[in-house]
Amino acid sequence: MDSVGCHSPTPSTAMRVLLLATLLVSAASAQPSNWELPTYGTTVSIKADRPFFTEGNPYEGLTSAWTLSTTQPVGPLLRIVGDLPIAVGATSGETSVALGNLQVGVEADLPTSPVTLGGYLRVPTSTESGDRTRAQLVGVFTDYEQIGAYVSDFVTLSGLAEGRVDLGARGLSVRLRAIPQLLVATDDTAGDETEAFIGYAAQLLFDNGAARLGGGLTGLTPLTEEGDETQLFVGVMADVAAGPVRPGLVVRAPISGDLGEFLDAVVGVRVTVPFN
């Protein structure tokens, strides 16, 4: 991927950066986040992520990316999922808010097998306009593996194949994921090609019911753009049972690819509330 000079992203460069990022490095934009621990039953979750950009960027204060998500079981093995992202870009004396693209999807657990399959659609409800573009840029870089959540004029179709391997020790397992996807332009100004990508994850999880901890590697590789860089990330995640509510924390950072030129790390908090 061509290096994007984003040490100091501004509204004048945001359109160019968003389009370049959309066409070249779309991550797993309609699949469930790789940095979420499993949810069960009917739940509503809210997450807030704070990006820490490299030196020289103009963002401060309330700069963040938020996601409201829900899971609704339909029988013992099938569930409907959805989310709505919102980004906030705050600079000295100015704050903008951008609504992201709505996602809906279906997930199914295979009977007698630790495998989950999913299909997802993210529709373009986000629009670029004035200061909202600044907030969109924050959303793109904060949740880079779901870049389709904030870019305008694109539909994202993606799938999920997830397997879990029990390691024998109580509560320990490995989660492996593959996320193929297509990013399709819906407007002539956004281009007319369909881009293909593959996302993936390998994570070690510990779950004793009261507390859960996970960590590992995730990444994405463009399949239709020669010369683009694979982006790799490392991170840890944890949550605890606080009555029926599960508050949690996630810390992740880029370790390969040019994202690290303008993003040091992302720290986020999550709260999941069951409605069983």
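Author: A residue is called buried under 20% relative accessible area, exposed over 50%, and partly exposed in between, using a 1.4 Å probe and protein chains only. This is a predicted model, in which local features need pLDDT of at least 70 and side-chain atom pairs count only at pLDDT 80 or more, while totals for chains, interfaces and linings use all residues. Residues are numbered from 1 along each chain as its sequence is written, and side-chain values use heavy atoms, with hydrogens and water left out.

Reader: How many of the residues of helix α2 are buried?

Author: Helices (H or I, at least four residues) and strands (E, at least two) are DSSP runs, numbered from the N terminus. Helix α2 covers residues 132-142 and is mostly covered. Among its buried residues are Arg-134, Leu-137 and Phe-141.

Reader: Which residue in β11 is the bridge partner of Leu-220?

Author: Two strands pair if DSSP finds at least two bridges between them. Strand β10 (residues 211-222) pairs with strand β11 (residues 231-240) in the antiparallel sense, over 10 bridges. In β11, the partner of Leu-220 is Gln-231.

Reader: How many bridges join strand β9 to β10?

Author: Strand β9 (residues 194-207) and β10 run antiparallel. Their hairpin has 3 residues between the strands, and Gly-209 takes a positive phi near 90° there. Phe-197 has Pro-222 of β10 as its bridge partner. The number of bridges joining β9 to β10 is 11.

Reader: How many residues apart in sequence are the parts that Asp-49 and Arg-270 tie together?

Author: A salt bridge is a side-chain nitrogen of Lys or Arg within 4 Å of a carboxyl oxygen of Asp or Glu. Asp-49 and Arg-270 form one, with their closest N and O atoms 2.7 Å apart. Because Asp-49 lies in strand β1 (residues 43-53) and Arg-270 in strand β13 (residues 263-274), the pair ties together parts whose separation in residues is 221.

Reader: What is the relative accessible area of Arg-122?

Author: The side chains of Arg-122 and Asp-83 meet in a salt bridge (3.1 Å, N to O). Asp-83 lies in strand β3 and Arg-122 in strand β6 (residues 115-122), so the pair links parts 39 residues apart in sequence. Asp-83 counts as buried at 10% relative accessibility. Arg-122 is also buried, and its relative accessible area is 1%.
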